[in-house]
Amino acid sequence: SGIAVLISLGLSTHLISKHLQHFTHPSVQSKIIAIIYTVPIYSIDSFLSLLIPNWALWINMLRACYEYALYLFLSLMLSYLGCEENDKEVVDYLEKHLLEHGHNHHSSSPAPGTDRLSVGKRFLRTCKFGTLQYCLIRPSTAAAAILL
């Protein structure tokens, strides 16, 4: 496992340095770099948990604090659309492209037993809120696991 950690550290460092050398799209690349940091964080966490099993719960709690990478991924997807800051722009963009491809933006293959998906400002805010909520709850549950 130590060899795998070293390989992941080397590849992550190389990838991050390349992004920093060619930092032409800061709004996108800053999120990509932060997401890439999950690789060394998770690999070092796993390695230390194997080496020091008595400390694994504490080490995993520190890793849980980096769960905000999930929110960074959502932000990255919005950055790719080019309208991360303005929810209305995102909704307009999605509605336009769904209609272009023959999809009614108020219905897209719902799962059995669920309502039809409505791509709107409320949907986007729900995605953001749910992601942020997870990023706060995950470290809290890790801390609760240690206390209990």
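Among contacts in the chain between residues at least 6 apart in sequence, 62% join residues at least 24 apart. The model is predicted. The chain has 148 residues, and buried residues make up 32% of them. Its secondary structure consists of seven helices and zero strands.

**Fold and surface**

- Read along the sequence, the pattern is α-α-α-α-α-α-α, in keeping with the count of seven helices and zero strands.
- The accessible surface of the chain comes to about 9900 Å².
- Carbon and sulfur atoms account for 67% of that accessible surface.

**Aromatic pair**

- The structure holds one aromatic pair.
- Y66 and Y68 form this pair, with 5.1 Å centre to centre and 75 degrees between the planes.
- The pair counts as edge-to-face because its angle of 75 degrees is over 60 degrees.
- Y66 has a relative accessible area of 12%, so it is buried, the cut-off being under 20%.
- Y68, at 37% relative accessibility, counts as partly exposed.

**Cysteines**

- A disulfide is a covalent bond between the sulfur atoms of two cysteines.
- The count of disulfides in this model comes to zero, where the rule asks for a pair of cysteine sulfur atoms within 2.5 Å.
- C65 is partly exposed, with a relative accessible area of 47%.
- C135 is buried, with a relative accessible area of 10%.

Note on methods
Residues are numbered from 1 along each chain as its sequence is written. This is a predicted model: local features need pLDDT of at least 70, side-chain atom pairs count only at pLDDT 80 or more; totals for chains, interfaces and linings use all residues. Side-chain values use heavy atoms; hydrogens and water are left out. Buried means under 20% relative accessible area, exposed over 50%, partly exposed in between (1.4 Å probe, protein chains only). Helices (H or I, at least four residues) and strands (E, at least two) are DSSP runs, numbered from the N terminus. Contact means heavy atoms within 4.5 Å. Accessible areas come from the Shrake-Rupley method with a 1.4 Å probe; for residues, only the protein chains shown count as cover. Rings of Phe, Tyr and Trp (its six-membered ring) pair if their centres lie within 6.5 Å; planes under 30 degrees apart count as stacked, over 60 as edge-to-face and the rest as tilted.
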